[in-house]
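Please look through the sequence and the model shown here, and then read the notes that follow.

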Amino acid sequence: MEYVRLGRTGLKISRLALGCMSYGDPETPGAHTWALNDDAAQPFFRQAVELGITFWDTANVYQNGTSEELVGRAIKRYSRREDIVLATKVRGRMHDGPGGEGLSRKAILEQVDASLTRLDTDFIDLYQIHRFDSDAPVEETMEALHDIVKAGKVRYIGASSMYAWQFAKLQHAAALHHWTPFVSMQNQYNLLRRQDERELMAMCHDMGVGAVPYSPQGKGRLARPWGQQSHRSTVDHVVQSFDSPLDEPVVNAVQQVAGARGATMAQVALAWVLRNPVVSAPIVGATKPHHLPEAVAALDVHLTQDEINSLEESYAQHGPSWF
């Protein structure tokens with residue numbers, strides 16, 4: 001495993017992050033039906049520790065809080081709290097009422113305490129706003145985030161998937177009032193979805209904000225030949241949003257490069273994301289035993305310029321597929 005600093009901070013993270021959206025109680029209301037319960041998920045946390053993946057990312061809304069509970073237990077079983085860089089998120093709906101959703105002061109203060117309880121920890125290393133909230137004044141959001149940092153509940157703050165102008169408003173409010181700024185951006189970024197390169201990721205590069213992108217393998221579409229399905233892709237409407245015919249030539253290019261190299265398609269797709277200097281650590285999900293070792297091996301896949309050109313030449317921008 002390689003280790004890097006998150007953006008311009010002094011925080012050292014593993015070059016890959018363990019994405020925990022796949023873990024939690026699949027029977028809880030609002031859960032992903034393909035999520036792994038506690039018993040099925042534990043081997044992946046143990047495997048992550050063995051491979052040196054110490055950066056773990058979850059969210060309060062993943063399986064209605066049960067992902068956070070599972071992550072908290074896994075840290076105690078397989079590692080030490082001091083050795084894990086723990087990230088979670090706030091914004092999505094957890095319950096009815098003014099504190100159950102959004103980025104108001106009330107919601108942030110309520111939800112950070114709820115996450116700390118579920119994670120069974122005294123602090124969160126990276127607390128991320130889970131999308132922009134147009135109903136909350138940016139000053140209210142940023143001041144509340146600053147206050148939970150000052151209170152010691154959170155070490156750093158990050159953001160996730162939004163337009164560059166929205167991120168600029170938030171960062172400007174922080175700078176204007178001398179509040180805590182965002183140090184990371186968790187956005188969707190892969191060979192099929194590159195719309196953030198020109199504005200949001202360019203802004204992150206200029207400001208020293210580290211990117212921790214999700215879906216580096218395009219929800220699995222870049223990890224298998226065009227047309228092949230997984231269980232998740234047959235039931236997850238987010239994955240199904242990656243079914244545009246515009247994506248087929250890109251997937252085919254990944255397959256060709258992987259075949260010529262003797263690598264897997266997943267490794268080629270991940271290696272392409274890793275080469276971007278803005279990227280601190282892509283987030284990798286794991287639901288099968290080979291997923292994490294395969295991702296770690298991608299750290300040794302260094303693409304040539306000719307390979308990069310062949311992977312990029314068929315890309316067609318067709319807008320955000322999810323947020």
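## What covers helix α6

In this predicted model, the elements that cover the buried residues of α6 include α5, β8 and β9 (210-211), where contact means heavy atoms within 4.5 Å. Helices (H or I, at least four residues) and strands (E, at least two) are DSSP runs, numbered from the N terminus. Helix α6 spans residues 200-207, and its buried residues are Leu200, Met201, Met203 and Cys204; buried means under 20% relative accessible area, exposed over 50% and partly exposed in between, with a 1.4 Å probe and protein chains only. Seen down the axis of α6, these buried residues fall within an arc of 155°, so they line one face of the helix, the arc being that of the directions from the helix axis to the C-beta atoms. After α6 comes Gly208, which has a positive phi, near 75°.

Residues are numbered from 1 along each chain as its sequence is written. Because the model is predicted, local features need pLDDT of at least 70 and side-chain atom pairs count only at pLDDT 80 or more, while totals for chains, interfaces and linings use all residues, and side-chain values use heavy atoms, with hydrogens and water left out.

## Aromatic pairs

The structure holds 6 aromatic pairs; rings of Phe, Tyr and Trp (its six-membered ring) pair if their centres lie within 6.5 Å, and planes under 30 degrees apart count as stacked, over 60 as edge-to-face and the rest as tilted. One of them joins Tyr23 and Phe44, a stacked pair with 6.1 Å centre to centre and 20° between the planes. This pair links distant parts of the chain, since Tyr23 lies in the loop between β3 (17-19) and α1 (38-51) and Phe44 lies in helix α1, 21 residues apart. Tyr23 counts as buried at 0% relative accessibility, and Phe44 is buried with a relative accessible area of 7%.

The rings of Phe167 and Phe182 have their centres 5.8 Å apart and their planes at 35°, so this pair is tilted. Phe167 in helix α5 (residues 164-177) and Phe182 in strand β8 (residues 182-186) are 15 residues apart, and their pair links distant parts of the chain. Phe167 is buried with a relative accessible area of 0%, and Phe182 is buried with 3%.

## A cluster and a ring with charges

Tyr23, Phe44, Phe45 and Trp56 form one aromatic cluster. Over the face of Phe123 lies Arg81, at 4.1 Å from the ring centre, and Arg155 also lies over the face of Phe123, at 4.0 Å from the ring centre; a charge sits over a ring if NZ of Lys or CZ of Arg is within 6 Å of the ring centre and within 35 degrees of the ring normal.
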